[in-house]
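The following exercises guide a reader through a structure, each with a worked solution. Please examine the sequence and the model before starting.

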Amino acid sequence: MSSQLNFWPGEEGDGLRWSVSRDRRLTDCLRKYYLFHYGSRGGHNADAPPKVRELYVLKTLQSRHMWVGTVVHNMIELALGAFKRGEEVPVDSLVERGTRVMRAQYAESLQGVYRERPMRALGLWEHEYREDISREQWRERRDHMETCIRNFFKLPLLEEIRAAPTWRWLAVESLGQFEVDGAKIVVRHDFALRQEDDQVLMIDWKTGIPRPESEMLQLSVYGIFAQRKWGLGHDHLRGRAVYLGTGETGDFIVRQGDLERTTEAIRHSVRRMRELAADTDTPEIVNFPKTADKSQCSRCAFRRPCGRL
Ligand code: SF4
């Protein structure tokens, strides 16, 4: 069993790539998991069989809530990049830029450009499924983006980040991976900082409501990566979820025991994914039943091909 870090993607073993979102799909609905990871395979080619292509297009869609999260993360990444270069970023200009991006992407999604270019154009499932979303609801999303960015600029934490020498900035929207039982565990740190007392602080920007259990899992997975890459130095890591909609923060202490429990949970999840795949690239759809919890379906991009409209 290898526990080594792997910074360069390779194709050893069965190439299984595990992430918190993949695990969540597995837990939410096995059919969704199948359609996302197997049914849509090869659909990035425009001349793929129509059913495969459709699943691929659908899996690239975002909800309007996820969309705001993506735009806010991108704007924060731009701001932090500028701060790192010693440049100032007026909050108004960032809000304006975020608004321009959202307007352009909204129009793109409404016109269905994503059907031709799913990798490059934004697609919203509200447009795909012609959901009845009022102008006020769309405007509320743009306003939420603005609130999140303005709250980001007001954070006392931002002063600490900007005051720290940039060599203490360990990660800014950085992709990384490590290995558990031959599977590649993929992480994307929003931000990580080595604080003055030498401890690592992992930060997760959130545009939604607090979900402490989910935050703790995410931070523990980051923590395994952080421990292997940067070392603990102490008996715990610090994690902070920053809820940008309100400016509130939630602090988490990630201890060695949490890292061990999370590693075990990843192992369990990886084992289950492998059992379901049954050593083949093309597992049988019948082994992936639809969830009995139909409340999941209204939040699922696959509801049409799945027959749960
Ligand atoms: S529509 Fe419902 S049953 Fe079908 S894949 Fe999505 S969550 Fe699963």
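Two strands pair if DSSP finds at least two bridges between them. Helices (H or I, at least four residues) and strands (E, at least two) are DSSP runs, numbered from the N terminus. The model is predicted: local features need pLDDT of at least 70, side-chain atom pairs count only at pLDDT 80 or more, and totals for chains, interfaces and linings use all residues. Residue numbers start from 1 along each chain, as its sequence is written.

**Exercise 1. Determine in which sense strand S5 pairs with S4, and in which sense with S6.**

Step 1. Strand S4 covers residues 200-206 and strand S5 residues 236-243; the two pair in the parallel sense over six bridges. Within this pairing, Leu 201 has Arg 238 in S5 as its bridge partner.

Step 2. Strand S6 (residues 248-255) runs antiparallel to S5, and eight bridges join them. Here Val 242 has Thr 249 in S6 as its bridge partner.

Step 3. S5 and S6 form a hairpin with four residues between them, and Gly 247 in the turn has a positive phi of about 85°.

**Exercise 2. State how the protein chain is divided into domains, and describe the contact between them.**

Step 1. An automatic or database domain assignment supplies the bounds. Domain 1 consists of 1-28 + 155-291, and domain 2 of 29-154 + 292-306.

Step 2. The C-alpha centres of the two domains lie 22 Å apart.

Step 3. Two residues are in contact if their C-beta atoms, placed from the backbone, lie within 7 Å. By this criterion, 23 residues of domain 1 touch 29 residues of domain 2.

Step 4. On the side of domain 1 that touches domain 2, helix H1 (20-28), helix H8 (156-163) and strand S2 (169-180) each supply at least two residues.

**Exercise 3. Identify which residues come nearest to the ligand, and which elements give two or more residues to the shell around the ligand.**

Step 1. A residue is near a molecule if its C-beta atom, placed from the backbone, lies within 6 Å of it. There are 13 residues around the ligand, of which Cys 29, Lys 290, Cys 297, Cys 300 and Cys 306 come nearest.

Step 2. Helix H2 (30-39) and helix H11 (303-306) are the elements that give two or more residues to this shell. H2 gives the most, with three residues.
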